[in-house]
Amino acid sequence: MKKDQTLRQTVGNNFYILKFAWKLCPMRVLCTGLSYACKRFEYLYFSGFFIKEVLSLLESQSGYREILSFVFFTVGLFFIILLYDGWYENLLKPMTDVKLYQGLYHAVYEKACNAELSCFEDSDFYNRYMMAMADGDKRLTETIDNIFSILTGIVAVAASWYMMMQLDILVLLFAAAPIIGNFVFANFLNRLTYRIYEESVVFRRMADYVNRVVHLADYAKELRMTNIFRVLQREQKKAVEGMTSTMDKYARKNILLGWGHLYFTYTIVYEGVLFYGVFCTLVSKSMSLPGFAALATLMSCVVWTLIDFTQSLLASFRNGLFIQNLRDFLGYEPVIPEDGDGLTPDQDIRTIEFRNVSFSYKKGRPVLKNISFTLSENETCALAGYNGAGKTTLIKLLLRFYDPTEGSILVNGTDIRKYRLKDYRALFSTAFQDGKIFARSIRDNVWMGRPQDGCTDAAIWKALELAGIADTVQKLPKGLDTILTKEFTGEGVVFSGGQCQKIIAARAFARSLSPGSQNAPIQIFDEPSSALDPIAEHDLMESIKQAGHDKMLLLISHRLSSIQDVENIILLKNGRIAEQGRHADLMALNAEYASLYRMQAQKYHQTSFVDCHDPDDALSHLQKGEA
């Protein structure tokens, strides 16, 4: 993105947003234009015509009725304008503000949701996103106002100068000053303002991050049990110092440009014309009293119109730079577009094949290296390995959150990049290790906004039962309508980590229980039991196998005891497939998998005896773990 913009680019950006607003609410655009036209006409009529006409009528000793008729005509005209302005400001504008706000953020959210996952791991993307969203709705309405303020201001200033020229042509000599003020000093001032903002945006992000963290419940325990707040406080102090130093860096230039803009735009033209009018009226006698009154009021009209015009012009230049960020953001073409077109995949999944797949994040070291394997219809596959081995990354590639750096992934023999993304992802029911709970009802957290024709209470309760949390939900006064988290209501329920993980597992079960084409033929569970105790883990794994008996199932689990009866185990190490096969075969191989399994089994048995108070329960638990 360029730091500086030409006048042409600024005008283009402002009219881009005006066109955007027209699509959202054309009535608002039209009525805003009419409102500014009425205001300019009212001011110009009073300053350049009404005062001069009344004084001329009095000077010519016109009749009382003629003067009164002219005054009443003016009052009636202004009353009509006042009625329109009241309707526009107090009714239409607030109502359409909401419509514009909704339309703008809908477009931005649609684009954000359409951007690939890698965008959200890119700090530059967040900087652009923040600048694009900085008071976006306010800038949208400001831009509409600014454009019509400038357009009607140009007409009003031209008409004012023309009227003054009729009184004395020499007043045109003063016209150069506001041109210099507006188009030279204001231009440099606006560019400087944007440069200050751009250089301080990274500091604003840090300050905003600290403010957000302090208010979120997710961080409350760590903030109270450690000294991390002091670290964050120091970072926020650095951010504030950074913003201050940025403003100090440009302070002198900002003051000088502001003074030059003020002096040339207002002082020279206002004081100059006023003194010139006094001279013409009192000294040279070349101007009449009505003419001087008209000149003085017209000069006031010009000055205040120029003030409004200049402010709108500055705001337009400033908004033009910010609008460029919004324009770039809305015009961004995702590498993996969520709404992209393509083939519709078959619901009958026969094979999934990874063919020589390698992947690295942002040109870093490879996370996966030359991965090749094939899964057959209704096969259950478990991905095992140490943290950082590439298990979750492999799943992200399968779900096409990313595309492989090298190689390809095929479903039913077709490269997944050829499928329509939304239809392709509809093949999967997923439960992520880092899945999030939303500040909505349990019903919404399980069904997750899918089509309502399959959303039955029976299906949701069945999913909760499979996840092992149905009994807990039944005890809640509002059942499925219970709001989770206390984000918006004091009656919200805050679940434990294990309970939240069960809700996330229930989402995948609900997807598998959906009717017809909504029924996902592939299940993916990424560390579904990491927050559960061994017994709850065993029960959940049994439910997963029960729900996925007629589906293709992929499991990621660091507890090898929970996947020992899976027909295909893939052990990843350092981004490569280290071992692959059934549990018995891998144990017979007596290599990495066998060593890891024995080490976990020993610790698992010790933990099981400690956790169980009754010896029979402990023995039963151990038998389940070894089954």
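What is the volume of the largest pocket? The views below show a predicted model, in which local features need pLDDT of at least 70, side-chain atom pairs count only at pLDDT 80 or more, and totals for chains, interfaces and linings use all residues. Residues are numbered from 1 along each chain as its sequence is written, and side-chain values use heavy atoms, with hydrogens and water left out.

**View 1. The largest pocket has a volume of about 2,000 Å³.** A pocket is an open set of points on a 1 Å grid over the protein atoms alone, where a 1.4 Å probe fits, with protein on both sides within 12 Å along at least five of seven lines; lining residues have an atom within 4 Å of a point. The volume is the space filled by probe spheres set on the points, which are joined across faces, edges and corners. Of 46 lining residues, Glu338, Phe401, Arg425, Thr430 and Phe432 are the closest to the centre.

**View 2. Arg400 lies in the loop between α11 and β4 (406–411).** Helices (H or I, at least four residues) and strands (E, at least two) are DSSP runs, numbered from the N terminus. Arg400 counts as buried because its relative accessibility is 9%; buried means under 20% relative accessible area, with exposed over 50% and partly exposed in between (1.4 Å probe, protein chains only).

**View 3. Arg400 is in contact with Ile336, Ile416, Arg417, Leu421, Tyr424 and Arg425, leaving aside neighbours within four places in sequence.** Contact means heavy atoms within 4.5 Å. Between Arg400 and Ala505, the C-alpha to C-alpha distance is 21 Å, and the two are 105 residues apart in sequence.

**View 4. Phe525 touches residues including Ala431, Ala505, Phe509 and Ile544, not counting those up to four places away in sequence.**
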